[in-house]
Amino acid sequence: MSTAAAPARPREVLADLLPATRLRDVALVLGGAALTGLAAQISVPVPGSPVPVTGQTFAALLVGTTLGASRGLASLVLYALAGLAGVPWFAGGTSGVSVSFGYIVGMMLASAAVGALARRGADRSVVRMAGTMLLGEAIIYAVGVPYLAHAAGMSPSAAIAAGLTPFLLGDALKAALAMGVMPTAWKLIGKR
């Protein structure tokens, strides 16, 4: 007698509720990249840090949870490649590689991770969404802070002081916003 269970069907992410076509997926990826680029223009310098506070991290995590892992990752890769090619949509209208480029690499990975968790229902409740956002932020910092230290010639403690500590309160606020937005969207649609 076999005890193997049928594989669980992955849950939908919000983007899956749109009619499935290749054009839909292309539009979602382009839209995710554009949203991230627009959110990066919300940029406030942080005294003593080469990294500004932006809306970019919030957008990257929202793109991942809304589009799912593969489309979210594709959006952030497109965002990064276009910025490297000269599109001025990194923080504050910049492009190319800077000391903060590690955060963009981290956003790519975080978008995929939170998208995979959303596919497992992590975007359906406030508590699960809190954990999802915290994991996404941790991934961004796990890549961004060491890159900052290397690129700017900072010690690890100086990179933490300049590239992590000043952003924790803002990231908590962004996470709280996402914790309200995503579960509410599912409730409005009528799916849990």
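Biologist: In which helix is S111 found?

Modeller: This is a predicted model, in which local features need pLDDT of at least 70 and side-chain atom pairs count only at pLDDT 80 or more, whereas totals for chains, interfaces and linings use all residues. Residues are numbered from 1 along each chain as its sequence is written, and side-chain values use heavy atoms, with hydrogens and water left out. Helices (H or I, at least four residues) and strands (E, at least two) are DSSP runs numbered from the N terminus. On that basis, the residue lies within 101-119, which is helix α4.

Biologist: Is S111 buried or exposed?

Modeller: Buried means under 20% relative accessible area, exposed over 50%, and partly exposed in between, with a 1.4 Å probe and protein chains only. S111 has a relative accessible area of 0%, and therefore S111 is buried.

Biologist: Which backbone oxygen does the side chain of S111 reach?

Modeller: A contact means heavy atoms within 4.5 Å. Leaving aside residues up to four places away in sequence, S111 touches A60, V63, G64, A69, G72, L73 and L76. A polar contact is a pair of N or O atoms within 3.5 Å; within protein, one must be able to donate a hydrogen and the other to accept it, and residues adjacent in sequence count only if both atoms are side-chain atoms. At 3.3 Å, the side chain of S111 reaches the backbone oxygen of G72.

Biologist: How many residues apart in sequence are the parts that D16 and R71 tie together?

Modeller: A salt bridge is a side-chain nitrogen of Lys or Arg within 4 Å of a carboxyl oxygen of Asp or Glu. D16 and R71 form such a pair, with their closest N and O atoms 2.7 Å apart. D16 lies in the segment before α1 (22-39) and R71 in helix α3, so the parts tied together are separated in sequence by 55 residues.

Biologist: Is D25 buried, exposed or partly exposed, and which residues share its salt-bridge network?

Modeller: D25 has a relative accessible area of 26% and is therefore partly exposed. Its side chain meets that of R71 in a salt bridge (3.0 Å, N to O); D25 lies in helix α1 and R71 in helix α3, so this pair ties together parts 46 residues apart in sequence. Salt bridges that share partners make one network of D16, R24, D25, R71 and R119.

Biologist: What is the radius of gyration of the protein?

Modeller: The protein has 7 helices and 2 strands, in the order α-β-β-α-α-α-α-α-α. The radius of gyration is taken over C-alpha atoms, and the globule rule is 2.2 Å times the number of residues to the power 0.38. With 192 residues, a compact globule would have a value near 16 Å, which agrees with that of the protein, 17 Å.
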